[in-house]
Amino acid sequence: QEAIAILGSLRTAYRLYSAEKGLAPTAISDLNALGYIVNAELNGTNYNIGNYAISTTLISATGNTANGGPCNMNTNTGAIGE
């Protein structure tokens with residue numbers, strides 16, 4: 001699924017940002033603006049940058065049911081699931 005693959009890239013960007021900055025990003029734009037991930041990696045056939053959001057415990061891919069629906073990545077464990 002497209003969102004799962006992109007969440008894997010976001011997991012890497014999230015971990016790099018957290019390690020280098022000493023704090024967790026609060027928005028996808030934090031990762032994007034500082035070059036941890038680029039728009040091209042977040043824009044696919046069924047999902048785009050607007051479909052991803054960060055909360056305190058999850059990075060979520062939302063708003064699309066055509067390609068398997070929403071899924072999440074746990075920011076504590078890195079686990080990705082639907």
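Predicted model: local features only at pLDDT ≥ 70, side-chain atom pairs only at ≥ 80, totals over all residues.
User: Which residues of the largest nonpolar core touch the most other members?

Analyst: Of its 19 residues, these are Leu7, Leu10, Ile28, Leu31, Tyr52, Ile59 and Ala61. Helix H1 (2–21), helix H2 (28–33), strand S1 (52–54), S2 and strand S3 (71–74) each give two or more residues to this core. The largest share, 7 residues, comes from H1.

User: Why is Ser60 called buried?

Analyst: The relative accessible area of Ser60 is 15%. Buried means under 20%, and therefore Ser60 is buried. Its place is in strand S2 (residues 58–61).

User: What makes the pairing of the side chains of Ser60 and Asn72 a polar contact?

Analyst: The two side chains make this contact at 2.7 Å, and the cut-off for a pair of N or O atoms is 3.5 Å. Beyond four places in sequence, Ser60 is also in contact with residues including Asn51, Tyr52 and Cys71.

User: How do you know whether Thr75 is buried or exposed?

Analyst: Thr75 has 13% relative accessibility. Because buried means under 20%, Thr75 counts as buried. Thr75 is found in the loop between S3 and strand S4 (80–81).

User: What lies 3.3 Å from a polar atom of the side chain of Thr75?

Analyst: The backbone oxygen of Thr56 lies at that distance. Leaving aside neighbours within four places in sequence, Thr75 is in contact with Tyr14, Thr56, Thr57, Leu58 and Ile59.

Definitions and conventions: Residues numbered from 1 in each chain as written. Heavy atoms only, no water. Helix = DSSP H or I, 4+ residues; strand = E, 2+ residues; numbered from the N terminus. Buried < 20%, exposed > 50% of the residue type's maximum accessible area, 1.4 Å probe, protein only. Polar contact = N/O pair within 3.5 Å; in protein donor to acceptor, adjacent residues only side chain to side chain. Contact = heavy atoms within 4.5 Å. Core = buried A, V, L, I, M, F, W, Y, C linked by side-chain atoms within 4.5 Å.
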